[in-house]
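Please examine the structure shown below. The paragraphs that follow consider where its parts meet.

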Amino acid sequence: MTRSDLSCERRDGARRLCVVLAIVTACSASCREPAAVTRLTLSASALGGEAQLLRRQLARFAERQPGVDVELRVTPDAADQRHQLYVQWLNARAADPDVLQLDIIWTAEFAGAGWIRPLDRSGIDEDDFLPAALAASQWRGVFYAVPWFVDLGLLYWRSDLLPAAPRTLAELHDAALRLQRSGATRFGLVWQGARYEGLVTVFLEHLGAFGGGLLDGHGRVIVDEPAAVRALTFMSDAVRRDGIVPASVLSWQEEQARFAFQNGDAAFMRNWPYAWVLMQDATQSRVAGRFAVAPFPAASEGRPTAALGGAELAVNAWSEHPDLASALIRFLTEPEQMLERARAAAQLPSRRSLYETGALATALPIPIDQIRRLLDAAVPRPVTPVYSELSEILQVRLHRALSGQQAPAAALSDGAREIRALLARTGLAADSAPP
Amino acid sequence: MNRDMTIEREERRLARWFVAPALAFIVLGSLVPIAATGWEALYGHDLRLPWLGRPFVGLSNFVEAAADPRFRSALLHTAIFALITVPLELALGLALALMMHTAIRGRPLFRLAVLLPWAIPTVIGALIWRFMFDARAGVITAALQSVGAASESFDWFAHPLAAWVPIGAADIWKTTPFVAILLLAGLQTIDPALHEAARMDGAGSVRRFATITLPLLRPALVVAAAFRMLDALRLFDVAYVTTAGGPGTSTETLSLYAFVALMQRLRFGYGSALSVAIFLLTFAFALVWVRALGRSLIGDRT
Amino acid sequence: MTSGSAVARLASAALLVLLLFPIFWMLSSSVTPESRLFEARPLLPAALSFAHYRALFDERDFLIPLGNSLVVAAMTTAVVLPVAALCAYALARLRFRGRGLLLALILAVSMFPQISIVPPLYLILRELRLLDTYPGLVLPYVTFSAPLAVWLLTGFFRQLPAELEQAAMVDGASRLRALRDVVVPLAAPGVATAAILTFLYCWNEFLFALSFTLSPDRYTVPVAVTLFRGRYQVPWGQVLAATVVATIPVALLVVAVQRRIVAGLTAGASKG
C-alpha cells in the first residue's frame with residue numbers, strides 16, 4: 001500500500017465516522033421530541049395482576065382526557081431498590097416520572113427534600129380517607145401525596161385450635177404457651193424479626209399494646225419510656241425466656257413467617273393481608289380454611305394496634321405537567337378505581353366510605369368486619385424526613401435486645417439517645433424551629 | 001545557529017497548540033473537579049435536608065470520617081484486598097507471561113485466553129463470577145459440594161469473609177492478563193544470549209530464572225505492581241456488582257462507601273471528604289510511581 | 001526454561017482453563033433453558049434454548065443500552081483521537097519546556113480515583129441539565145481515556161523513524177507539513193490501536209455511567225445489565241444472555257486485532 005492509499009483510507013474513514021455520528025445525534029435528538037400528544041409517566045408497582053389493572057385504568061383516563069397518554073414505568077419490586085431509584089431521579093431533577101407511587105414512609109422524606117409538589121388541599125376528600133393514612137401524607141401541615149391503598153399488620157390465629165381471637169395480650173401469651181406445650185403446634189407465635197423495616201412494624205404493634213410509642217404528638221422521642229421498655233421486654237421474653245417465639249425469627253421476613261404458619265407450625269402469626277390469599281390455597285397450605293385474623297391485642301394500658309403500611313401517589317416537583325399529574329392522581333384515587341383495584345389485586349382501599357358499603361364485601365378475601373376493626377387500630381410510623389435513619393437506629397437496637405446482646409431498657413435508652421441526636425443535628429427536634 | 005533558534009521557537013509554539021486541547025481536558029475534566037471536591041468537603045451539604053443549607057464546617061467532615069467505624073473498616077478492607085490480590089496477580093501474570101514467552105505451539109490460544117478476560121467489561125466479568133459462585137446455580141458451589149468440600153447450602157455471599165472470594169476471583173481473573181502483557185513486554189527485552197551463556201555454564205532453569213530473568217524484569221514488575229496497586233485501592237465495579245458491599249458492609253471498599261454516602265445518602269459534603277481521603281491515598285502512591293515511570297518514559301533527555 | 005516439561009505443560013493447561021472457563025460457562029449457561037439453569041448439569045448443555053436471548057430483546061429491549069454504549073464510545077473516540085494524537089506527537093517529537101511535567105500530569109490523571117470527581121461533576125451536570133445525556137458522559141470519558149491514548153501514541157510516534165520527517169523538512173517543508181504528509185499516513189496503526197483501547201474503555205466504564213444516567217433509555221450496557229431486576233431474584237438467564245451480547249462486539253474487535261493490541265501495549269510499556 002502506498003502512502004497516499006493509506007491517507008485516503010484514513011480520510012474516508014474519518015468522513016464515514018462523521019456521517020454516522022451526525023445521523024446518530026440527529027436521531028437521538030428527534031427521538032426525544034414529544035409528539036402532539038402530552039405524555040405523562042407513572043411509576044408504580046406492577047406485581048402480578050397490578051400491571052394489567054393499571055393499564056386498564058390508564059386507558060380509561062386517556063379516554064377522559066383526550067390528547068393525554070400515560071406511560072407506566074415499571075420499577076423494581078423491592079422497596080429499597082425503588083426508593084433508591086426515586087432518590088436518584090428526583091435528586092437529579094428528572095422531569096419524569098410525573099406521578100410516583102410512594103411507600104407511605106417516604107412521603108415526609110421526599111417532601112422535606114423538596115422533591116414532590118404540594119397538593120391543593122381542596123382536591124382531597126379529607127373526610128373520606130383514613131385519618132392515619134392522611135397523617136402520613138402531610139408534612140408541616142401541607143399535603144404532598146394522596147393515600148392510594150393501605151396495608152395493615154394483622155394477627156393471624158388458628159380458628160381450629162381456638163374458639164375466638166385473644167382479646168388481650170395476656171390471653172395471646174397464655175394461649176400460645178398452652179398450644180405449644182400441648183404439642184398442637186411447634187411454635188406459639190411467629191413474627192418478622194430480621195434486622196429490617198418489618199421488625200419496626202412488629203415493634204410498633206407491641207408498643208401500642210402497652211400504651212407506648214416512638215414519638216409523641218409533639219414529635220418528642222418517647223421510645224425509652226417505661227411503656228416501651230415493657231413492650232420490648234415482652235417481645236424479648238417471648239423469644240428468650242418463654243420460647244413461644246422461636247429464635248429463628250431473628251432472621252425471618254414476611255415469607256419465612258408465612259411458611260411457618262402455613263405449614264401448621266405456629267398457632268399465631270403477625271403478618272400482612274397479602275398472606276391470606278396464599279394461605280387459603282389448599283394445594284400449598286396446610287391451614288387453608290382454618291385461620292382468621294384480628295388486630296394485635298393489647299395489654300391493660302394500651303389499645304389494639306395495626307401498623308399502617310401502604311402506598312400514596314405524589315407529583316414530581318419537576319414534572320412538566322403538574323396539573324395533569326394531579327388530575328391523574330385524583331382519577332386513580334376515585335372510589336370506582338379503588339374498588340376495581342381491591343377486586344383485581346386484593347389491596348385495601350384507603351377510603352373509609354368503601355368499607356361502609358357492601359361493595360367491598362365480595363371484593364376482598366378477608367372478611368370485611370374484621371378489616372373494619374383493624375382500620376380503627378391503624379397507627380402510622382413517625383412522619384419525619386429522616387424516618388429511614390431513625391428506623392435503622394431502632395432496627396439495630398431492637399435486634400440487639402432480642403438476640404440477647406443488650407438488655408431492653410439499655411437498648412431503648414441508647415436508641416432514644418441516638419434518635420434524639422439525629423433529630424437535633426438535622427434540625428428536626430421537637431423544640432427547634434420548623435424547616 | 002539562528003535557524004536552530006527559530007526552529008526551536010516554532011517548535012515550542014507548535015507544541016503549545018498541540019498540547020492545549022489535552023491539557024484543557026485534563027485541567028477542566030479532573031484538576032478543577034478534584035479541587036472542587038476538596039472545597040465541597042469543607043461544607044455540610046446534605047441534599048435531602050435542604051433546609052439546613054450549606055454551612056461551612058471546616059474539617060469536621062474529615063474528623064467525622066476518622067471516627068467513622070464504617071470508613072475505618074472500608075479502609076481496612078481495601079488495604080487488605082490490595083495486599084492480597086496484587087501479589088497473586090503478579091505471580092499468576094508472571095507465570096502466564098513466561099508461558100506465552102516460551103510457548104512454541106498454541107500462541108494464538110494463549111493470546112486469546114489473555115485478551116478476552118481483559119477486554120470483557122469488568123462488570124460483565126463480575127456478573128459471570130457471581131453466577132458461578134451462586135448458592136443455587138453456581139457451578140463452583142456445585143463442584144465443591146460434589147467433592148464434599150462445602151456443606152449443602154453454603155452461600156458465599158452470606159458470609160462476611162467468604163464473600164471476598166468471588167470478588168477476588170473476579171478481579172484477579174480480569175487483571176492478570178493485563179499484568180501478563182506488561183511482563184511479556186519485559187521478557188521480550190531480555191537478551192536470549194544471556195540465557196544461552198548461562199545454560200552453557202550449567203545453570204538450571206530455576207537458577208537462570210532467579211539470577212537473570214527476575215532482576216531484568218524488575219522494572220516491568222514495578223510498573224505492573226504500581227498499576228495494580230492503584231486499581232485495587234480504587235476498587236468499585238467488582239465490589240458493587242458482586243456483593244454490593246454485603247453482607248451488611250463487610251465487603252465494602254473505600255470507593256463503594258464514598259459512592260453510597262454521595263449517591264444514596266446524598267451527603268455530598270461528607271462524601272466529598274471521603275473522596276478526598278481516597279484521593280490522598282492514591283496520590284501518595286502516584287507521586288512515588290509517576291516520577292519513576294516518567295523518568296523511564298522520557299529517557300535521559302529532558 | 002523449556003516448555004517441554006510435564007509440569008510446565010500442566011500448569012499452562014490449568015491456567016488456560018482458568019482463564020477461558022468462565023467465558024465458556026457464560027456461553028453455555030446462556031443457552032440453557034431456565035428450568036435447568038439452577039440444577040446440576042453437565043458442562044455442555046444437552047438442549048439449546050435461545051429463549052433468554054429472545055426475552056432480552058423483546059422484553060428488555062436490550063438494543064437501547066447497546067445503542068447508547070455505541071454512541072457514547074463513538075463520540076468519545078472521535079474526540080480523544082485527535083486530542084491525544086496531537087499531544088502525543090508533541091511529546092514525542094517537539095522540544096518544549098514542561099514536557100516532563102505534562103507527562104507526569106497525564107499519568108497522574110489516569111491514577112485518580114474516579115469517585116473523587118463525581119460530586120462536583122454531578123452538581124455541574126445537574127445545573128447544566130446534562131445529566132442523563134450523551135455529552136454528560138463524554139466529558140469524563142474523554143478525560144479518563146485520553147491518558148492511555150496519549151501514552152500509547154507517544155510510544156508509537158517515538159518508534160517511527162524521525163529521519164522521514166527530517167528528510168521532508170530538509171526539503172523545505174514546515175513541521176506541520178511534514179506532519180501531514182509523512183506522519184499522518186504512517187500513524188494509522190497506532191491510531192487504530194488507540195481508538196480500539198478508547199472504545200474498550202467506554203464500553204467498559206461503570207461508575208460514571210451509574211452516577212450520571214437516570215433512565216433506562218440512557219443506560220449504557222454495564223449499567224443496564226447490572227440493574228436487571230426480576231421479581232424475587234436476579235433473572236440469571238437473561239443476565240447471561242446480556243453478558244454474551246455485551247461481550248461479542250469487544251471480543252470480535254479484540255480477536256481481530258489481537259496482535260496489534262499486544263504490540264501496541266508492549267510498545268508503550270517498553271522504554272521506547
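Two residues are said to be in contact if their C-beta atoms, placed from the backbone, lie within 7 Å. This is a predicted model, in which local features need pLDDT of at least 70 and side-chain atom pairs count only at pLDDT 80 or more, while totals for chains, interfaces and linings use all residues. Residues are numbered from 1 along each chain as its sequence is written, and chains are lettered from A and ligands numbered from 1 in the order in which they are written.

Consider chains A and B. Here, 12 residues of chain A are in contact with nine residues of chain B. On the side of chain A that touches chain B, two or more residues are given by each of α3 (79-91) and α4 (107-112) of chain A; helices (H or I, at least four residues) are DSSP runs, numbered from the N terminus. The most comes from α3(A), which gives four residues to this side.

Chain C consists of domain 1 (6-49) and domain 2 (56-269), with bounds that come from an automatic or database domain assignment. The centres of these two domains of chain C, taken over C-alpha atoms, are separated by 31 Å. Six residues from domain 1 of chain C and six residues from domain 2 of chain C take part in their contact. On the domain 1 side, α1 (6-30) and α2 (34-37) of chain C are the elements that give two or more residues, and α1(C) supplies the largest share, four residues.
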